[in-house]
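Subject: Structure handover and findings

Dear colleague,

Please find below the structure that I am handing over to you. My findings follow it.

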Amino acid sequence: MPTINSIEDLKRLREEARKIKDMRDQTGKTQIVVGMGTIGIAAGARETLKEILTFIEENRLPDIILRQTGNLGLDGMDPIVKVTLPDKEEIAYCKVNTDIARRIMQEHVVDGNVLTEHLVKE
């Protein structure tokens, strides 16, 4: 915990806490989660995550929360990407390489059309 020596320190700490809280606020934002467990990374999840981040930056998409998580428990389907648009059901995609990641971003996230050929089927 940082030492607070002045009112300015307290204001700065409060502002930092407010920024963290705002980043966690998920209302009205698209959420994308990439499974980054050991198996996912071995299957190419790191490259998939980078491609999604590149797409977000290139297209200046401000209302997207991109997260990584551990193993999603669906071995053999990695890399797995979960997409949740505001007020929509979560959609999970499997075997997402960089080309598929770019398609998911354009067709699902931007255009709103689910890619049925890459869905996780339980």
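For what follows, helix axes are lines fitted to C-alpha atoms over the stretch in contact, and angles between N-to-C directions run from 0 to 180 degrees. Please note that this is a predicted model.

Overall organisation

The chain holds four helices and four strands, which follow one another from the N terminus as α-β-α-α-β-β-β-α. It has 122 residues, of which 34% count as buried. Of the contacts between residues at least 6 apart in sequence, 62% join residues at least 24 apart.

The helix pair

On the definition above, helices H3 and H4 pack at an angle of about 40°, and their axes are 8 Å apart. Angles under 35 degrees would count as roughly parallel and those from 65 to 115 as roughly perpendicular; H3 and H4 are therefore oblique to each other. The crossing of H3 with H4 is right-handed. On the H3 side the contact is made by Glu47, Thr48, Glu51, Ile52, Thr54, Phe55, Ile56 and Glu58. H4 contributes Thr98, Ala101, Arg102, Met105, Gln106 and Val110.

The sheet

The four strands form an open sheet with mixed pairing, in the order E2-E1-E3-E4. Strand E2 (64–69) and strand E4 stand at the edges with a single partner strand each, so one side of each has no neighbour in the sheet. On average, and with direction ignored, neighbouring strands are turned by 20° against each other.

The pairings are as follows:

- E1 and E2 run parallel and are joined by six bridges; Gln31 has Ile65 of E2 as its bridge partner.
- E1 and E3 run antiparallel and are joined by four bridges; Ile32 has Val83 of E3 as its bridge partner.
- E3 and E4 pair in the antiparallel sense over three bridges; Val83 has Ile91 of E4 as its bridge partner.

E3 and E4 also form a hairpin with six residues between them. In its turn, Asp87 has a positive phi of about 60°. Helix H3 lies across E1, E2 and E3, and runs at about 170° to E2.

In soluble globular proteins, nonpolar side chains tend to be buried together. Here the largest nonpolar core has 21 residues, and those with the most contacts inside it are Ile32, Ile52, Val83 and Met105. Two or more residues each come from strand E1 (30–35), helix H3 (45–58), strand E3 (81–84), strand E4 (91–93) and helix H4 (98–110).

Met105 deserves a separate entry. Apart from neighbours within four places in sequence, Met105 is in contact with Ile32, Ile52, Phe55, Ile56, Leu61, Ile64 and Val110. Met105 is also one of the H4 residues that make the contact with H3.

Gly37 lies in the loop between E1 and helix H2 (38–42). Is Gly37 buried or exposed? Buried means under 20% relative accessible area; Gly37 has 11% and is therefore buried. Not counting residues up to four places away in sequence, Gly37 touches Thr69, Gly70 and Asn71. Gly37 and Thr69 are 32 residues apart in sequence, while their C-alpha atoms are 7.1 Å apart in space.

Yours sincerely,
A colleague

Methods: Residues are numbered from 1 along each chain as its sequence is written. This is a predicted model: local features need pLDDT of at least 70, side-chain atom pairs count only at pLDDT 80 or more; totals for chains, interfaces and linings use all residues. Side-chain values use heavy atoms; hydrogens and water are left out. A nonpolar core is a set of buried Ala, Val, Leu, Ile, Met, Phe, Trp, Tyr and Cys residues joined through side-chain atoms within 4.5 Å. Buried means under 20% relative accessible area, exposed over 50%, partly exposed in between (1.4 Å probe, protein chains only). Contact means heavy atoms within 4.5 Å. Two strands pair if DSSP finds at least two bridges between them. Angles under 35 degrees count as roughly parallel, over 145 as roughly antiparallel, 65 to 115 as roughly perpendicular and the rest as oblique. A crossing is left-handed if the near helix is turned anticlockwise from the far one by less than a right angle, and right-handed if clockwise.
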